[in-house]
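Work through the exercises below with the sequence and the model open. Try each task before reading its solution.

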Amino acid sequence: MKSLILFTSITLSLYFGGLNAQTNTKAVQDNWTTYNSKAVYENGTIHLNHLRNDGEGSALLWLKDSNFKDGSIELDIRGKDVRGQSFVGLAFHGLDNSHYDAVYFRPFNFKSPEKKDNAVQYIDSPGNGFYELRKKFPGKYENAVRPVPDPNDWFHVKIEINGEKVKVYLEGSNEPTLTVEKLNDRSEGMIGLWMDSMDGWFRNLTVKDR
């Protein structure tokens, strides 16, 4: 089993490990490729800013040389409890800045009585964004989060990908908060941090190949 771990320490570090070897590399700018975003690395946390360039789409921070197929991805994410201003998540099976799957969260909906069922979202870019999926398949590709985290604090996410099946877990729960089937035939690709808001914070990324 191959693994990649991004953990919090005084210096953010990446471990690329296998059965026979493990290499330690500092997680500095050289290990990531930014798209429509600016990343700041400090005390084990990546602070991502969306540049909001017209027509450029969402903010992405791709992990260089990553090629993920099946397995699990875990990380801690923090957004803001500001309505319509905090969309934070993870991209996977990325081919380029337009073609990828993503799971993202709307922290401002975590505790909203009216909007709680729109708290976690799966999308297939391009063509199957939240608007298209909500219109064609209402309630199928988004859901409430369980358990419900503090929308202004860190929350732990685990995403399992097994073939076409995607399951999303929160805060160590054994019950998925979202289960969907992928909407494309991409079977592998890059891993990236994803955001469609001004600020997002990410730490403790762990990737395990099946």
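The model is predicted.

**Exercise 1. Classify two aromatic pairs.** Decide how the rings of Trp 62 and Tyr 100 are arranged, and do likewise for Tyr 122 and Tyr 141.

Solution. 
- Step 1. The whole structure holds 8 aromatic pairs.
- Step 2. In the pair of Trp 62 and Tyr 100, the ring centres are 6.0 Å apart and the planes stand at 70 degrees, so the pair is edge-to-face. The cut-off for that class is over 60 degrees.
- Step 3. Trp 62 is in strand β7 and Tyr 100 is in strand β10 (residues 100-105), so this pair ties together parts 38 residues apart in sequence.
- Step 4. Trp 62 counts as buried at 3% relative accessibility, and Tyr 100 counts as buried at 4%.
- Step 5. For Tyr 122 and Tyr 141 the centres are 5.8 Å apart and the planes are at 35 degrees, so the pair is tilted.
- Step 6. Tyr 122 belongs to strand β11 (residues 120-125), while Tyr 141 is in the loop between α1 (130-136) and β12, so the pair ties together parts 19 residues apart in sequence.
- Step 7. Relative accessibility is 0% for Tyr 122, which counts as buried; Tyr 141, at 4%, also counts as buried.

**Exercise 2. Describe the setting of Asp 199.** Is Asp 199 buried or exposed, and which residues does Asp 199 touch?

Solution. 
- Step 1. Asp 199 is part of strand β17, residues 199-209.
- Step 2. Its relative accessibility is 16%, so Asp 199 counts as buried; the limit is under 20%.
- Step 3. Leaving out residues up to four places away in sequence, Asp 199 touches His 47, Leu 48, Asn 49, Lys 80 and Val 88.
- Step 4. With Lys 80, the Asp 199 side chain makes a side-chain polar contact of 3.2 Å.

**Exercise 3. Find charges over rings.** Which ring does Arg 106 lie over, and which ring has the charged end of Arg 203 over it?

Solution. 
- Step 1. Arg 106 lies over the face of Phe 130, 5.4 Å from the ring centre.
- Step 2. The charged end of Arg 203 is over the ring of Trp 154, at 4.0 Å from its centre.

Terms used. Residues are numbered from 1 along each chain as its sequence is written. This is a predicted model: local features need pLDDT of at least 70, side-chain atom pairs count only at pLDDT 80 or more; totals for chains, interfaces and linings use all residues. Side-chain values use heavy atoms; hydrogens and water are left out. Helices (H or I, at least four residues) and strands (E, at least two) are DSSP runs, numbered from the N terminus. Buried means under 20% relative accessible area, exposed over 50%, partly exposed in between (1.4 Å probe, protein chains only). A polar contact is a pair of N or O atoms within 3.5 Å; within protein, one must be able to donate a hydrogen and the other to accept it, and residues adjacent in sequence count only if both atoms are side-chain atoms. Contact means heavy atoms within 4.5 Å. Rings of Phe, Tyr and Trp (its six-membered ring) pair if their centres lie within 6.5 Å; planes under 30 degrees apart count as stacked, over 60 as edge-to-face and the rest as tilted. A charge sits over a ring if NZ of Lys or CZ of Arg is within 6 Å of the ring centre and within 35 degrees of the ring normal.
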